[in-house]
2 protein chains.
Amino acid sequence: MGSGQPVIQSSLTMDEVWDLYRRDLEEIESHIRHNLNAEAPLINEIAAHILEGGGKRIRPLLLSLCYRLTGSIPKNDLVLGSLIEFIHTATLLHDDVLDEAALRRGRPTARRIWGNRASILAGDYLYSRAMHHIAAFKNHEVNDAMALACKRLAEGEILQLCANRQPLLSESEYLRIVEYKTGALLAAACKVGGLMGGVSPLQAEELYQFGLNLGIAFQLADDWLDYTANEKNLGKTLGQDLMQGMVTLPLIHVLPCLPADDQRTLVAKIERNAVEEGDLLQLTAHMHQHGSLGYTRTRSREYIETALLNLATFEDSTAKRALIVVADYMVNRDC
Amino acid sequence: MGSGQPVIQSSLTMDEVWDLYRRDLEEIESHIRHNLNAEAPLINEIAAHILEGGGKRIRPLLLSLCYRLTGSIPKNDLVLGSLIEFIHTATLLHDDVLDEAALRRGRPTARRIWGNRASILAGDYLYSRAMHHIAAFKNHEVNDAMALACKRLAEGEILQLCANRQPLLSESEYLRIVEYKTGALLAAACKVGGLMGGVSPLQAEELYQFGLNLGIAFQLADDWLDYTANEKNLGKTLGQDLMQGMVTLPLIHVLPCLPADDQRTLVAKIERNAVEEGDLLQLTAHMHQHGSLGYTRTRSREYIETALLNLATFEDSTAKRALIVVADYMVNRDC
């Protein structure tokens, strides 16, 4: 069972948020560990490997906080947080196969240990295991929100695949990919949390938008980090996105600013997957010169500001303050 | 809209069944063509390729017939038949990636045309597209039946993966794989059809069992065919299952009948993926000698008989007679 409503705090840090909602998260963690129940031991093994890989459980935390916005106290339905984490994990399993990734958070990926076939199937299982358990709640709005999120996730992934090595992607096309691939599940986590806590239909929609805007802000902050962070902070090399053919906002912004010849050369190199270390250094210099990194950062902050406006309909509470802290953390973090 | 209830026929052939329910199937076909609606054109392209690949639409037909058992006439909810076909298609897309298949029904597989990544994602999309549309029916029993089927499909696939090249698989372990991988979705198609047609909860359960037994019978007939059909009839080479490492009922039956030395040698070859043409010829000779093919055929027929008993609760109607014809067709066919 979840803990009671924590006492209102005047100001909060992210550490305090984790601490205040520790009991909710522990309960969700217990559901994650005990609810896999696959009849094939291999699925449990693969899922445990990736679920214990150090994910921060941001989606379950958001669900729990949105649940508590009305003052409601989560009961057994906090299990929904673990089911959203199952779906998130399913996407990671398929992502690692698609990207032929060897490492995730510094550990070997499931596909490297058990192979692509087992990873695809374990992902399929986690998706459908989650959807089956969600159906048992017999809440049509929850079913709709979760199924829509899964559909958007798949659409976002395939739109991203089609946009791979396509540097002439427009900003709006890119933002749609981000909305689907990153925003949709966070939006569902927030909306479902609110629905279980008994918010109004209008508030549920605001929570959906809150999660969506938060997700876009989070991804844009990630895009910015990819061209600015040092290896130690991010655990990956600078410009890794582009080396994998991923076109992100700083690149979309800087391209039209380049002299026509430079632009043509870079576009051709990206399309041919022939970008080298030297190109990356030159590119990041251009990004600094033309304000592309600042632009990305600003866009990220704008989405966070819009997200916070989506919370205006809710009265002040510790949960609401915690949501604001989480939003800030997600665009200023290394998670 | 579906057609009215056809006039009762005293006896039916499969061709007459296809003909009698042509309008239902045409409507389902129209839903299949027009309901993909993915925002990524690539998904629509991939899905159209495989959906137009000559599948017999057995699952939609079963749904339609079970719907009509009560005398109900399908309305717009016949779209559910197309959604079940989407889920079936999703499994085929993932299957072809898992099996590294080059051909399906004589045409290049999606993975060969568009690659593994696009095939995995198109499969993910079709699953979630179907589940989202199903949720819109706001019928908890339908949601539960469909989500359970998807879960079983994934479990069945992974159990089969684990059983690959494991010739010491027991018959009951094998039957569980068949139940999950082949039976579950047919069972859901029958149950959901019945539910939409307004059957009682007890009848819905009987229809579920009908579909399950039919699915097992169908797979066992397929196992039998794999060791008996000639190339022309089946469009694939004899013993193809074993060459792909798949252990099926005729093999499970014949293994304990072999002299200990032969058994050890064959088991080792299967485990090492080193079975050759000569081994296959010898093996099929053993299967004939020890009645393993007859045993498989008999088991298949027993499941069909049990399936027909599951229909006892329904009054005589053309739909019921058609179901019996379909059941017979499924174990005596080349589909």
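1. A polar contact is a pair of N or O atoms within 3.5 Å, where one must be able to donate a hydrogen and the other to accept it. In this predicted model, 15 residue pairs are in polar contact across the interface of chain A and chain B, both residues at pLDDT 80 or more.

2. Which elements of chain A supply that side? Those giving two or more residues to it are α3 (41-51), α5 (79-98), α6 (110-135), α7 (140-163) and α8 (171-197). The most comes from α7(A), with 15 residues. By class, the side of chain A that touches chain B holds 23 nonpolar, seven polar and 11 charged residues.

3. The contact draws 41 residues from chain A and 41 residues from chain B. Together the chains bury about 3800 Å², and 69% of that lies on carbon and sulfur atoms. On the chain A side, Glu39(A), Leu121(A) and His132(A) lose the most area to chain B. Together these three make up 18% of what that side buries.

4. Charged side chains also pair up here. The rule finds four salt bridges across the interface of chain A and chain B. How do Glu39(A) and Arg152(B) meet? Their side chains form a salt bridge, at 3.6 Å from N to O. Glu39(A) is also among the residues of chain A that lose the most area to chain B.

5. Now the symmetry. Chain A superposes on chain B by a rotation of 180° with 0.0 Å of shift along its axis, at an RMSD of 0.0 Å. The two copies are therefore related as by a two-fold rotation axis. Of the interface residues of chain A, 100% are also interface residues in chain B, so the copies meet through the same surface.

Methods: Residues numbered from 1 in each chain as written. Chains lettered and ligands numbered in written order. Predicted model: local features only at pLDDT ≥ 70, side-chain atom pairs only at ≥ 80, totals over all residues. Heavy atoms only, no water. Contact = heavy atoms within 4.5 Å. Buried area = accessible area lost by both parts, 1.4 Å probe. Polar contact = N/O pair within 3.5 Å; in protein donor to acceptor, adjacent residues only side chain to side chain. Helix = DSSP H or I, 4+ residues; strand = E, 2+ residues; numbered from the N terminus. Nonpolar A, V, L, I, M, F, W, Y, C, P; charged D, E, K, R; others polar. Least-squares fit on C-alpha atoms with pLDDT ≥ 70 in both.
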